[in-house]
Structures are given as structure tokens and as C-alpha cells.
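Dear colleague,

Please find below the structure that I am handing over to you, followed by an account of what was found in it.

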There are 2 protein chains.
Amino acid sequence: MKNRVCYLLIQTDESIQAAAIVRDEFPAQNPNFRVITLKEPAKAEMIPFLDLEHRGEKTNKRPARIARVQVVLGETANKFVELWVDLDQTCILQKQELLGKHPYIDSDYMQAVEKACMQDPNVQQHIANLQLPANACVIVEAWAYATDGLNDMSKRITMGWFYMRLVDDADANYYAYPLDLCAEVSEELKVTKIYRLPSGPDDRIYEPRPDDPIHEEPKPFDRRKIHGAETEYSPGLRPSPRTSTKPYQVIQPEGPSFTTHGNFVEWEKWTMHIGFNYREGLTLHDVRYDNRSLFYRISLAEMFVPYCDPRTPYPRKAAFDLGNDGAGINANNLRLGCDCLGHIKYFDGWHTTITGDPVKLPNVVCCHEQDDGILWKHTNFRTQNAVVTRSRILVLQTIITVSNYEYIFAFHFGQDASIHYEVRATGILSTTPIDIGDKCPYGTIVAPGVLASYHQHLFSLRIDPSLDGHNNSLQVEETRPMPVNSYNTSGVGFMTHSSIIDHERGLDLNFKKNRTFKIINENVINPVTGTPVGFKLLPAYSQMLLAHPESYHGKRSEFGAHAVWVTRYNDEEYFPSGRHTMQSSGGEGIATAIQNRSWTEESSVRNKDIVVWHTFGSTHNPRIEDWPVMPSEKMVVGLKPANFFMGNPGLDVAVSTQEQNQSVLVEGDDSKSKSSCCKLESLGFL
Amino acid sequence: MKNRVCYLLIQTDESIQAAAIVRDEFPAQNPNFRVITLKEPAKAEMIPFLDLEHRGEKTNKRPARIARVQVVLGETANKFVELWVDLDQTCILQKQELLGKHPYIDSDYMQAVEKACMQDPNVQQHIANLQLPANACVIVEAWAYATDGLNDMSKRITMGWFYMRLVDDADANYYAYPLDLCAEVSEELKVTKIYRLPSGPDDRIYEPRPDDPIHEEPKPFDRRKIHGAETEYSPGLRPSPRTSTKPYQVIQPEGPSFTTHGNFVEWEKWTMHIGFNYREGLTLHDVRYDNRSLFYRISLAEMFVPYCDPRTPYPRKAAFDLGNDGAGINANNLRLGCDCLGHIKYFDGWHTTITGDPVKLPNVVCCHEQDDGILWKHTNFRTQNAVVTRSRILVLQTIITVSNYEYIFAFHFGQDASIHYEVRATGILSTTPIDIGDKCPYGTIVAPGVLASYHQHLFSLRIDPSLDGHNNSLQVEETRPMPVNSYNTSGVGFMTHSSIIDHERGLDLNFKKNRTFKIINENVINPVTGTPVGFKLLPAYSQMLLAHPESYHGKRSEFGAHAVWVTRYNDEEYFPSGRHTMQSSGGEGIATAIQNRSWTEESSVRNKDIVVWHTFGSTHNPRIEDWPVMPSEKMVVGLKPANFFMGNPGLDVAVSTQEQNQSVLVEGDDSKSKSSCCKLESLGFL
């Protein structure tokens, strides 16, 4: 039963058991269950367990099964408690009230916020003043409140952003009609403020008081803004699609090259366990190639999406799409033939209802193979013999929807022992209103009256390496020109210079110096190269956080300050902006953690159990081509062996043959012509 | 007959005609034909011609047909002449001796150099001193001489680098046995110098004089260096390959979505002409989307590969793989089912023999489609309706072999009107000897006794834009944080700042400022965004040339100093290191051309017919995983519309359906289990 251990996922029976124990703990308080997940086993327990497993030995001592449960107690939903439930001993190990913290977004509550907005008389009056077309259906989109220092963050506050649709179709693109209105809603579902959204550089705020004239100058909806099918993406609202794209199918006559046992995946010398949780979504564990340990765990750890517009209330638009929303909860149910091509294996995830019952998230991860062009080729120019192999990759993909946006996350495993992590951003831009004829320095006008604000997407990829063991180091290598001297009279010489990072810190990229980050194991020397075995990071070059470091955005998303971070492994440190990002005030992130440990033994990272975090993303200044639905914007991060193996790990991939690949020759319309091209005489102009 | 004009390629009958005219010009001199190609029509002639063609109008006035012919005259091959032959008037328009220039590499001559090396008694004595194994077969690889100031460059000099193979198979990897020997060969095929290659930091040079003891300390071949199959890539010399990779085929039941007429390609709203010449290989012309003009011409214009080792004679290793070798001449004959998958259309190229006869280069370009994952997706979280389209791309690919290395060049056209240019480097590392036990700061030991030197690959992609017309501009945009002030009290604001380049120059990348290069047409304003229509460059972030700017490498490859260059279009300016790179001494490149024009009207590039050149590549410090044959190393450059269209150009792509895509569901071994995962109880450790 090698490698069938589901040590990463809570089982449904465990989830039921944990809920029962927690219900017993709070018999009168009707807990609202936010999280029931496995507290992943302590690494100190896992290492000997995995070692035995990989040696094929049996063990009776598996790591303890502990559930991490988060509940909200009480009607006013202000007592937020985390419990660690020992599932072996059926007892509570730890219980802690998370004072001042808020759980991730509760979609039931968000729907209640939307309803509260629409039922508020002041909101209704504002909508009336907008003089919308008779067929307008107003839609409220509830967003978590990004801390801006203007309210007490110990209470949950939600922002309602208003849109409408004019077509009687629930899939009409209401983002095409951002309304000049915004509401602030209290924990108790009261509308506490209404904003008219700014059009010029001034801020306008209206507090709803009984004697307040709602509006001095009503700003009726501008009829020039009525859009057509050009703002729709739903096929029912679009003209017939182009018919020029002919079908394209992937056939695998002998089936896929991968096998799965539970959440264990085996493919082309790779083995790994797939994990899934409400927050990170897809996670990878115990990743090995040819039975050599590479990575203990890889996951997307956080994503921050701040908008650029400094006018009130836009600084409140800044989403932690993992911490606030959850990449697991928001994962799409992937559909055969749509989200992947070829032979597809799906994995389900599990979550919990507010009453603590397990709920299945079906098909949240898909696993399939892709052809990836040429893996390697050489033609001996003396014999003209060409040897070419095609590259096959294994793709593990998950797709999430966070309100308007979609993110497609895919790990690509290569036969050359490389891993690439590809992120595609797609979906719909978050829009705000702009008056016809106005200009605005904070966004692109993608349709008349529709401003798509500039914003950033900053991702944190958490890489917990275990290259030939758990004590690894981070090496920084640069390539620098040699000075012109007696060793370098020609002036063409260059060399590499490297250093190993001693203490926890953040570091920056520099392509001008070919700065390369390598994770190495100093205890294992490659016998041929004479250097430590390693993997190098192929970073995505990205602008870091633009918000001021002392702004709330800056303090809340510390990981956005540097592209590469190295920390000592800690069983409770998974999230570079802290575990609780909802309305956080900062100081809970990776930089603070490092600072708190600085110059203690715990901050030493050389030849230690380390974690490397890569911050990347995009400053997304929208193009009109991103409207009404964005073509995928790709970002790719890679991990490649660097003197880890004894040669090209894909050297033994079979050469490519027509017998296997069954390609089809296409003749052009002039294929029978002897000329290299069409004949000039036949072109009619001679 | 719209779009069937082969204005880019010389026809075989034209080539024969040009050769005859040139032979008549030199009746007694037996010209060695190096080049017969079309001198591409002057743009001033082409523009009105293309305009008529795109309006569907007939014209009797097509651009003049002119051949560019280069010949070498005389036995000693030192008179190098270029002729422009008017094929309509059958006369010579221009004839110029190219004093001090050398033609690109003559493979017949290089074979003669190899032979001369092996026949030289001193070389033979050196080889004898190496005491090679009895079955050794010595191989000489002739390389063009990179200028190092140590010889008169008006004469052709060639370097012979020595290897051997121990296996009686012509496809054995002789790069696994670099020998401690190197020869310098004169134009007249005499070995003029012999070098023992350095092992430590010292340089050692031996001039073969009659009284010279060949070698004080013979350095016999070290028997520890005998390698096994781990250094071989040829299937005949390798153990059986892995069998885990199951077949994977692409089926297009209705055939491909592209059509071709001669070298004209039409696919998914894209149209373009494919060109091909001995030097650049694949070129693209008159690239349009939805019948809007985008690019007049796109081509790889140069590639420079300098090695880092400053020890004599290694500074001579620096190849202009286009200027010296030719991407057209060295293009592979692509084979069905090996180099691409699916429905493949091949294009042939044509070149000339030394006697002036046309010679076909078969299947040098392949054209096919690929699935490229998801083009766009959105799930309406309110209705849970997901709309997903798959991305199809058109790939135009050519692969070249330059001695040890392979380069795979592919243009990818997207349904979202993007173009990506993907370069993959593969093949075999250029190796030099190193004594067992020695270390060396200039490379990686990839096998015992085999050093793979650090080197750079610098590519120059020439982009001649014609966005809605020929007068375009280069705009540089940065995204910068706003100062914290009364407009930005929260400190989260950021904005873009842009400027338009006025004069020809080189520019650098800066991801920290999100510096974005846009080619725009200031005369055409997008009616929605209110900004000029444009395309943005997605650069490949790369270290620029490491050699000192005043070194020969630096002076010869001026384009390597900056990542982006903008110049005024000039009918004769195609090559950023000059037209003749063989043994060039510098001062013929893009920087010199700009300097020569600086501050004249001709250096103005705002709203003019401009060319944008992107320098990118890699500093390749080999890994052992690149041995004995390199897994493809990808570099990608993109061009994407930026407020050019009125919305997502791929919005009308049909949604993805299982009916079309015919994917296959894979059940895991536990697919019948009701659990989310395998059951803990069944794992044997409870």
C-alpha cells in the first residue's frame, strides 16, 4: 500500500467527528462552522513516517490526526474561535478565541448584505435619482472591506458596489453598467454610509441622515451608455460565433501515462500527493522524481489585488483572494471537454457547511497530459541524422472564480524534471463609472461610461523544498563581467559569483546581473560538477507592490515588497499576510515574522529546513482588449534542476516517430507546382 | 488573385536568370556563388502596391524584381563582390567589391579546413603525443574566427577544434571528448598555429616551427575519461528508452483551420506572407488581423553567441549564427510526426549552389495548429453558468542546426490577436577539455574531463510595424506610485507616465517600474479609450552583453548593449551587426548607424516609418542537466494589442464543448469509493 496515505486531507468521517466534538463543546451556541480542515501533521512527525514509507517499511505510528476547526459563535457573529481537535483521542487539544480577527467571506452573509442594500430606503432613493431605464435590474456586489483607517476594524463592514443589467438574462454582463453609487454595510446589516462614486479628482461622501437632501444635483443615468452585444460574453447574448475554428481532438489510444491511487499521482518518474483545502485550493506534497525527494510542499499561499484609485472609497478595493475568499471554496467544477483536452482525471475537494456537515466540491482539480513541443533535438550535421523527442507534460489544474475574475492555476511537470507553475488571469474587469467625456488617470475607458481601474495581482508561491533531505540553503548567483586585466586582456571574460543566504530575509530580482536563486543542499555534492545539488527558480519578473509601505495595503501585504523571501520552516507559517486577512491592519505578515525572529538562531536559514516564497504577478493596466472578458494573461514561474541529476533527466524519452504520432500532411493549393512559390506570370499583373 | 503575390521570394527561374547574367559579367573568373536572393522591393514601391492589392484592385505596376547576388572571384577567394541584378531589364544595376568583408561560412571550405588540419604533420604529431586509445577517431570542427585583434582580419582564418569518438558510429557524441588541441588555419589552408588548450588560468601557445620540440610535457589522454552511454543521445547508442510515455495524437476531423496559397497563409482573421532567405530563415510580411495592417515585416535579424572564457584562444569562440552561418541555410528538413503534431503544412526554401544553380531546402518551415489551453473563461457566481473557450494557436516553426546547437524558432498567432515568438535552445553544449581534478571558473564540468563554458545567446528580433499605416511611434510607459498627498491620503494610489521617443536610440527594460514599450499610431485614436491605437511588446527579460563595450565582441555586437532599439526604416538596414559579420571588426552595427545619423532629420522616429529591435536571450551557465543533449530552454517574446481593437478580439470564438472536443474521463483506482480519498482504515497502519 505504498504511497496511499492520505495524510493531507481530512476524511468525511473525520470531518463529521470533528463537528460533533465541537458542537458538544458549545451546546447552546449553535456554532457557525467556517472551517473544518486537517491540521497538517507536524513536519517532525511526517519526516520519519515518509522515510519509512519510501523505504517500503510498515509503521504502526502514523502522524496524529488533528482537525483545525473555526467557528463563529453567537447571533451577532462576533466571537471567532479556533479549535484543534484530536481525532484519535476525540478531544479538544486547543481552543482559542481569535480576538479582533474575522473569518473568510461568508457567502450567505454576503447575500444578506446585498439584500440589505436593496431594502434600504436611502439606497432606494439614490437609485430612483439615477433615473435608470425602466427595464433596469439593479445588482449589488458585496465586497470585503479593505482596511483604510476610516472605520473600526473590530466590526465586520462590507461594501456594496452597484451595477445593473438591462437585458432579462441573469448572465448578462452587469459590469458593463457600473452605477454611481456605493454602500457601506455594518455587521448588523445596516447601511451606514452611501457614497456617490467620484468622477473627477474630488471625493464625495454622503452620510444618510434623515434631514440630508439625498442629492443636490441628481446625476441621471446617461442614455448614451446603453451597450450592445459587444459587452456580452454569454453565448445566448452574442451573435453567432466564428465558424472558422475546426475541431481539434487529443487521442490517447493506450490511455494516459499517469496513474492515480487516491490522491497519489505517479507519472513519468514523478510522484506526488495532491492536497486540497478551502483556502489554498490545490497543494502538492512530497514531490519526488525518480524517487529522489525534491519538495515537501508547494502551494499558492496568497494573492493580493489592490486597485490604484486613491479617491474615496476606492482604497477599500483590495482583495486577498486566498485569505478573504479562498481558492478552494471558489474552485470551479471543471467540465469534461471544456477546461482540459484529452484523457482527464478529476479530483474532488471537500468543505463544510455552516452547520458542520461535509460538502463535496466536485471536480476541483483536473489532471491530464499535454504535448509540449520538442523536448530535445540534435541533428548531426555530418551524417544529417536528426534525433528528436517530443515533450510530454503532466498538468494539474484548478480554476477559481473570485467575483468578476477567474484565475487558472496549473502545475506543469516535465520529463526533464522541471516544474512550471502557470497562472492565467481571465474573467471580467472590475469596473467603476465614469461620466461620458471625462478622462481619468486611474484606469482605461473600456466602454463608454465604464472605467477599468489599474490594479495589481500579486501572488505568493510557497515552496517548501526537501532536495535530497530537509536541510537546504538558498544560494544567490550573479554573472558579472571580469575586469579587463592580464587574465582578461580581450575584455570578453565573465564569471559567476555566488553567496548563500545566512538569515531570513526578502530579496529582489535583477536580470541585468542574471541573478539566479538556487535552492541547494550543501550536504550533497554532485560528483561530476563538484557543486551542491540544487534546483533553480525561474522567476516571473514583476513589479512589486506600488502602495506605500506605510499604507494599509503595504502593511497588510508585506510579501509584496520583495520577489523572493527565505524563512525557516515553521509548522504554523503558511500565509505571508497572516492567517486572518479579513480587515487585517497589518503587521501579521512575513516581514514582521522575520523581524520578530531576527538575529536569533531561528532566523538562520543556511543548511536548515527552509521555505522559499516567490512574489510575482502583474500590474494590470487594462487594455480595451481585456473587455468584456479578458483573454488569458499568462504568468509562469519555473523550478529546474541545476546540477541535481547526473545528466538530462529526459535523455531516456523515446524518440519521436510518425508511427506513434500519426500526423497528417497538408497539401497547399499549389502543392503540385514545381515552383518554390506561385508563378509570377500567373498573377495577372505581368 | 488577391494576396498571391510572391514578392518576397526569388523564383527558381529568376535565380537561374540572375546567375546567367552574373556569369556573363565575369566570363573568365568562374564565380563562386554565395548568395542569390531577392533584394526585397523598396518599401516606397511596396506600399502603394499593397494598398491596391488590399483594396482588391488590379495593377500593372508591380515592384521591380531585383536579385541580390554575392560571388567570390578568383582561386584565392579574396575578391568578394555584390551585384544587384535587374530581372525585368536583365541588366546589372550595381556592382561593388566588398573590400575587407568576407562572405558567410562556406561549408565546402570548412570541410577543406578540417582535412587540412588532419593532414598537417605537426597536428598529427600533437595527436600522437596525446596517446589516444587505439580506436579513437579524431574529428575536427571548423569554426569561424571571432575577431580578437591578434591577426589581420582581411584574410580569412579558421579555427579547428579537436574531438574524438571511441565508438564506431558516426552519430556518437564526440563532444564528450574534447581534445587538448586547437589549430589556426589560413585562407590558403595552411595550419599556421597550434594551441594546446588551457587547463589552468595560464595561456599556452605553440607556433609550429621546424626546430620546435612539439611538446615538453606530453599530456596523454586520460583514460579515466572514457564515457559510456550516459554521454550519448543517438538511440543506437543508448539503452532502451522509457516505455511509460503512452502515445498522444492530435486529430482534426475536418482538417486544419488554416489555408495557404503559395506562401500566403490565412487563419482565424490573420493573414500574412511567409518569406524565407538564406540568412534570416523564416520571415513574416504584411501581417494583418481582420484586414487591419499590423506589421510590415518581422524577422529574427541576428544572433550572437560569445563564450566567457578569456584564456587564449577561447575569445575566438563567438558566433554570429545568422550573419556567419545563416538561419536559412542551416534550417532542418522537418519531418512529419517528429517536429510537429497534427495537420502539418510544410514550406520549402531555396538557396543556390556555388555554381549558381538553385537548390531546394525542403520542409524548412512547418505550419500547424495547437490547442493552447483556455482563451477566456467566466463563471457567473450567481447563476453558476460557466462560459469557457479554448485557445487555438497557429504555429510557424523553423529549426536550425549550428554545429553543436539547435534553435527552434516559432511564431505563435493567437485568436486574441497576439503574436508570441518562442525560441527554444537545444542540441549539444560546446565543450572544451579540463584535466581531471581541475576546477575552472569559466564553465561547468558536465562529465569527467569535459568543461561546458558559460556563454550568452543574444537574439535580435526585428519588428517593422505598420499599425494602421506606416507612420508609427514608440511609447514608453511606466507605472509609478503617487506621492502621498491630499489626492492620495491613503498612500495606495498609482498612475502611469508615458513618453514618446523622439530620436533613434537604445533603451533598457525595467520591470520594477513596469516599463512597457508600446508601438502606437498617433494618427489613429481609439474612439472608446481616447488613446492612440497600439501594440505592446512583452519582452524577454535578459542580461545584455557581458563583454566590455570596447572589446571586439562589444564593438561587433552593438545590439547587445540595449534591450530595445528604435530606428528609422531604411531599405538596406536589416542586420543590427551589419550585413557582413564574418571576422568583422566592429562599428557596423545599429549603434554606429544611429550615431552617424544623430540629430539629423533622419534620426527622428516620432510618427515616422520606424523599426523596433528587441535584444533578448540568455546567459547560459550550463547545468549538468543540459548534458549530453539539452532539454529545450524556452525564451518568449510577445506582441499584444493595447487599445488597438474595440474589445477582446477572441470574443467571437465559439465556446468549448465536449461534443467538439471529445475528451475522455479517466477513473482512478478508487473511483468507486464514496470517500474523498482512500480510507485511512485500509492503509494498513491503523
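In this predicted model, the buried residues of helix α7(B) are covered by elements that include β28 (505-507), β31 (564-568) and β32 (610-620) of chain B. The helix spans residues 590-597, and its buried positions are Ile590(B), Thr592(B), Ala593(B), Ile594(B) and Arg597(B). After α7(B) comes Trp599(B), which has a positive phi, near 65 degrees.

Turning to the core, the largest nonpolar one comprises 286 residues, and Phe413(A) and Phe413(B) have the most contacts inside it. Leaving aside residues up to four places away in sequence, Phe413(A) touches, among others, Trp267(A), Trp270(A), Met272(A), Leu284(A) and Val287(A). Arg392(A) and Ser418(A) are also among the residues it touches.

Chain A and chain B each contribute 208 residues to the contact. About 17500 Å² is buried between them, with carbon and sulfur atoms giving 54% of that area. There are 16 salt bridges between chain B and chain A; one pairs Arg242(A) with Asp652(B), at 3.0 Å from N to O. Polar contacts across the interface number 118 residue pairs. On the side of chain B that touches chain A, strand β18 (residues 358-380) of chain B supplies the largest share, with 12 residues. That side is made up of 90 nonpolar, 69 polar and 49 charged residues.

Over all chains, the salt bridges come to 92. In one of them, the side chains of Asp652(A) and Lys269(A) meet at 2.7 Å, N to O. These two residues are 383 residues apart: Asp652(A) lies in the loop between β32 (630-641) and α8 (658-661) of chain A, and Lys269(A) in the loop between β11 (264-267) and β12 (270-277) of chain A. Asp652(A) counts as buried because its relative accessibility is 16%, under the 20% limit. Lys269(A), at 30%, is partly exposed.

In chain B, Arg68(B) and Glu572(B) form a salt bridge at 3.1 Å, N to O. Arg68(B) is in strand β2 (residues 66-73) of chain B and Glu572(B) is in the loop between β31 and α7 of chain B, so this pair ties together parts 504 residues apart in sequence. Arg68(B) is buried, at 5% relative accessible area, whereas Glu572(B) is partly exposed, at 30%. A further salt bridge joins Asp309(B) to Arg311(B), with the closest N and O atoms 2.8 Å apart, and both residues are buried.

With kind regards

Notes. Residues numbered from 1 in each chain as written. Chains lettered and ligands numbered in written order. Predicted model: local features only at pLDDT ≥ 70, side-chain atom pairs only at ≥ 80, totals over all residues. Heavy atoms only, no water. Core = buried A, V, L, I, M, F, W, Y, C linked by side-chain atoms within 4.5 Å. Buried < 20%, exposed > 50% of the residue type's maximum accessible area, 1.4 Å probe, protein only. Contact = heavy atoms within 4.5 Å. Helix = DSSP H or I, 4+ residues; strand = E, 2+ residues; numbered from the N terminus. Buried area = accessible area lost by both parts, 1.4 Å probe. Salt bridge = Lys/Arg side-chain N within 4 Å of Asp/Glu carboxyl O. Polar contact = N/O pair within 3.5 Å; in protein donor to acceptor, adjacent residues only side chain to side chain. Nonpolar A, V, L, I, M, F, W, Y, C, P; charged D, E, K, R; others polar.
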